[in-house]
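Here are a few notes to go through with the model open beside you. Take them one point at a time.

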Amino acid sequence: MKKSDNQFFKFEREVTSQDYQVLNQMLDYFRVSAFFENSTATQAFYAFGLKNSWQTLPQKVNTMVFGANAFDGQHSKEELMNGFWFEPEIVVSIANGRLQSNTVELDSILANHQQTHDIKRVQIKKIISETDWIQRVDDLIKNLNDVKSPIDKVVFGRQEMIELSEQNRASCLLQALRMQHNVYHVILKRENEIFVSATPERLVFVSQGEIQTAAVAGTTPRDRDPHRDRELGNSLLHSLKNQREHQFVVDSIKMKLEAITTQLNVPSKPILLQNKQVQHLYTPISGTLSANMSVKDLVDNLHPTPALGGVPQKEALQYIAQHEQQPRGLFAGPIGYATADNTGELVVGIRSMYCEQTRARLFAGAGIVAGSEAQQEYDETALKFKPMLQLLGELTHD
């Protein structure tokens, strides 16, 4: 073992397969815990225990914090869903086959938490959907088709309530979550509340003054047949409706970042971002941050993008608040980590699920513009529910 060069991480050694098993179990043991793994599975963080907490990402970070902001200011009846950030007692980083921690006592902590957990099989007892969603989207499309409409786009969400036979455990959720590839793996736990996300969408990554973000908007299914899969992707790349929806997001991010960067790279055309269930139009955007801009400043500036809210932002958010059946909470909100040296990565809490006791709630949204068709948008949201439904499916059988 050797001491890490990073002042925060005081302990370092090679990682073992046993480490993953024990760290996963520790997510259940601690009343407050978190897990964050990037979309390439090259860096993962575990966070355990509570030293300090905030409802929103703090302006100044003294060590390292993990958490999520709520999508907007609407009050949710679930405590976690109103936003929660915490400074952990124990942080573990795993990258390049190495394990690092902020405590030199990590090995003794791991030894004290070694235990055997059976996978708890969770049965889906009931799914309750929003039966009037298509009608509400039809009403929205009529508004957008009106030449006098002040709104160009609304990302309209729907939620599904699920009754389960057992309470989900964070360790079991993580094991199933890791079967979703080319996406971020995120878990935030507070007492009996768990928020889990297999999101493909990064809001922002900041390191040494350089920032990376992306526009992700426009969706089509995947197909097991490679030829049909390519056809679907090419059709998406040439879809005028999806290109228009995507360009709203690119233009908004570019406008917001031009004011707070000294250099900005925005490709002229999107490429495909392909996940297990769907493929998206994707434009990676990078730049150099102006001095004195914190991770929080960036998050506040960028969120919500038109991929989560709409255009114009104020009017779209008002429509969402008035016409979605219940507050989003952490759904589509920024979730991730930030450090004292102004490094951080936050993703968008989509392809996500909220769990409390034997209840779960799923969220999916679709970008509605003039010319949209309500049934197609419903089908798109059904695709976006699949990652979390498949995750629950992994927990229902061997």
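Predicted model: local features only at pLDDT ≥ 70, side-chain atom pairs only at ≥ 80, totals over all residues.

1. With 12 residues at 1.5 Å a residue, α5 should span 16 Å, and its end C-alpha atoms sit 17 Å apart, so the two agree.

2. Now look at which parts of α5 are tucked away: D229, L232, G233 and L236 are buried. These residues cover an arc of only 95° around the axis, so they are on the same side of α5.

3. What do the buried residues of α5 pack against? Their partners are β14 (210-221), α6 (240-258), β16 (271-274) and β17 (278-289).

4. H303 and P304 are joined by a cis bond, with omega about -10°, and P304 belongs to the loop between α7 (295-302) and β18 (310-311). Going from V311 to P312, the peptide bond is also cis, with omega near -15°; P312 is in the loop between β18 and α8 (313-323).

5. You'll find N96 in the loop between β7 (90-95) and β8 (98-101). Is N96 buried or exposed? Its relative accessible area is 76%, and anything over 50% counts as exposed, so N96 is exposed.

6. Last up is N182, another residue other than glycine with a positive phi, this one near 60°. N182 lies in the loop between α4 (170-177) and β11 (185-190). Its relative accessibility is 49%, so N182 counts as partly exposed.

Methods: Residues numbered from 1 in each chain as written. Heavy atoms only, no water. Helix = DSSP H or I, 4+ residues; strand = E, 2+ residues; numbered from the N terminus. Expected span 1.5 Å × (residues − 1). Buried < 20%, exposed > 50% of the residue type's maximum accessible area, 1.4 Å probe, protein only. Arc of directions from axis to C-beta. Contact = heavy atoms within 4.5 Å.
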